Amino acid sequence: MKKSNVAVVLGIVFAVIIVFVLGILALFKTSSKGKTTESMLKHIKVEEKTPVKASISLDDNTLFDELPEISKYPLSVTANADVNIEIMTSPEKAGKDYEAWLIDVAENFNREGVTTDDGRTIGLSVRSVSSGLAADYIISNKHTPQLFTPSNYLWGEYVNANGGSVTVKNDRLVGNTAGLLIDKNSEYKTFEDIIKAVQDGKINIGYTNPQTSSTGMNLLLSILKMGDDNMFSDAGIESFTKFQQNIPFVAYNTMQMRDSAQKGTLDGMILEYQTYTNEPNINKMYDFVPFGVRHDNPLYVVNEEYLNDAELDAIDKINTYLMDDSSQRIATKYGFNANDDYTTNVSFTGSEVNKALEMYKSNKDNGKDIIAVFVADCSGSMFGDPINQLKESLSNGMQYINENNYVGLVSYSDDVTIEVPIEKFDMNQKAYFQGGINGLTANGSTASYDAVVVAMDMIEKAKADKPDAKAMIFLLSDGYQNVGYGLNTISPALEESHIPVYTISYTADADTDAMRKLSEINEAATINADSEDIVYKIKSLFNSQM
């Protein structure tokens, strides 16, 4: 065969091989992309029930009514003395590693055998509870320690404005500041410039729920103040709503916000300096821009008028010990007492804090519709306490869902049932929603991801009439899927939909890893709780997201 003919044949063979390889790659790409919602629905058995109304409670309950027993937040240090004083503290002062300042100092104090003026030994116990939750305990009188040290003074103002009683003992235990973290390559380097860039849609930042987070509350007040000294004027509220329009999501907790920032979803986030300086992977990526009121961890006496002389004497000596040089050196080692050159002349009252939180609840969605589907696990593994808690948390949490939202309910075990189709959450829909909740029973297998696909389809159809609506799914489950589609199969379609799936685990041995992976796809949060605190946690989630 001539060389030219050989070359032609080889060229043809090579071309065929290339086409074959490209075809295989295209097929692989198509299969790896996953199935569409529509194609997956063809293989899911879906029942549509006729909704039934049930009576709903019109009681104006508060989050205080659902506070878990304080035993859910055990003491980090337990005192055993003649006069025992408990201090309830924000977590950055009583956790692990660089967050252990109060634990270290309390243990040192207890070893030294400090006594009252009349010779009785003093013991200091430490309980770590987030500032907002601790304030709720004190206001409700469900648990009242003798001492309270939140991250900033705003929570003290909040407590006193809502019927609690705290008195300032020390306006600074350890110094700290709230900050906006911004990408080191960003051109925006001041608080005002960063906020304006967000308002203009140039960058995305994340922040935590101001109803529970000290830094989140500080940011909310600062943005309102930036709009107008009279924070609740049209200009002040417009400053917040313009900011909120360009926020991809409000993080349920700091961990969710950090993960999103590190994955590149966000150009910045909010954080306290003490955490920032101790996290190399964060401080290498971001510059720290302080803002708002300082986080100087004030010390409050709780219900001072009810304390006896020995307790008041003990509190004096504890305060002195916390402020001595050795205690403060430990604080400095852990990253506190930095940024002391940052000062601010702004201040806020308790009534302003309350009004800002009310404004946040009514304006956080900027008039946009919210479409949400609640997906309830009714498999056999949810039998007993888990299904009862699921039903109770949905029933009690309904009051925190705004009436202008659009809500549906799905249940599942072996198959999927649309209990209540998506409609505006007015009084009529609430009655149907409650009827759907009442009918939930647990039995059968667990087709969790089939149910998520059905919820996605419901939302996509509802968005045809409301294309700008904000969509979300709440999956309430123990996380153990054993029939139907798997997570890997539905993930591409879920990612393409951009619908966040908030997962709520109802049992202590839940498959939290699977729940977390599902939530991480579109920047949602996972809540792990048991029967003692799930009602409070889910109501808090609804209050921030719905």
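The structure is a predicted model, in which local features need pLDDT of at least 70 and side-chain atom pairs count only at pLDDT 80 or more, while totals for chains, interfaces and linings use all residues. Residues are numbered from 1 along each chain as its sequence is written, and side-chain values use heavy atoms, with hydrogens and water left out.

I begin with the chain as a whole. The protein chain contains 20 helices and 18 strands; these are DSSP runs, H or I of at least four residues for helices and E of at least two for strands, numbered from the N terminus. Of its 546 residues, 54% count as buried, that is, under 20% relative accessible area with a 1.4 Å probe, protein chains only. Among contacts (heavy atoms within 4.5 Å) between residues at least 6 apart in sequence, 80% join residues at least 24 apart.

I turn now to the helix pair. Helix α8, residues 234-245, packs against helix α14, residues 350-363, at an angle of about 50°, and their axes are 11 Å apart. Axes here are lines fitted to C-alpha atoms over the stretch in contact, and angles run from 0 to 180 degrees between N-to-C directions. On the α8 side, I237, F240 and T241 make the contact; on the α14 side, M359, Y360 and N363 do.

Finally, the loop residue. A442 lies between α16 (427-438) and α17 (448-462). Is A442 buried or exposed? At 14% relative accessibility, A442 counts as buried. Beyond residues up to four places away in sequence, A442 touches C378, S379, G380, M382, F383 and I387.

Technical notes: Buried means under 20% relative accessible area, exposed over 50%, partly exposed in between (1.4 Å probe, protein chains only).
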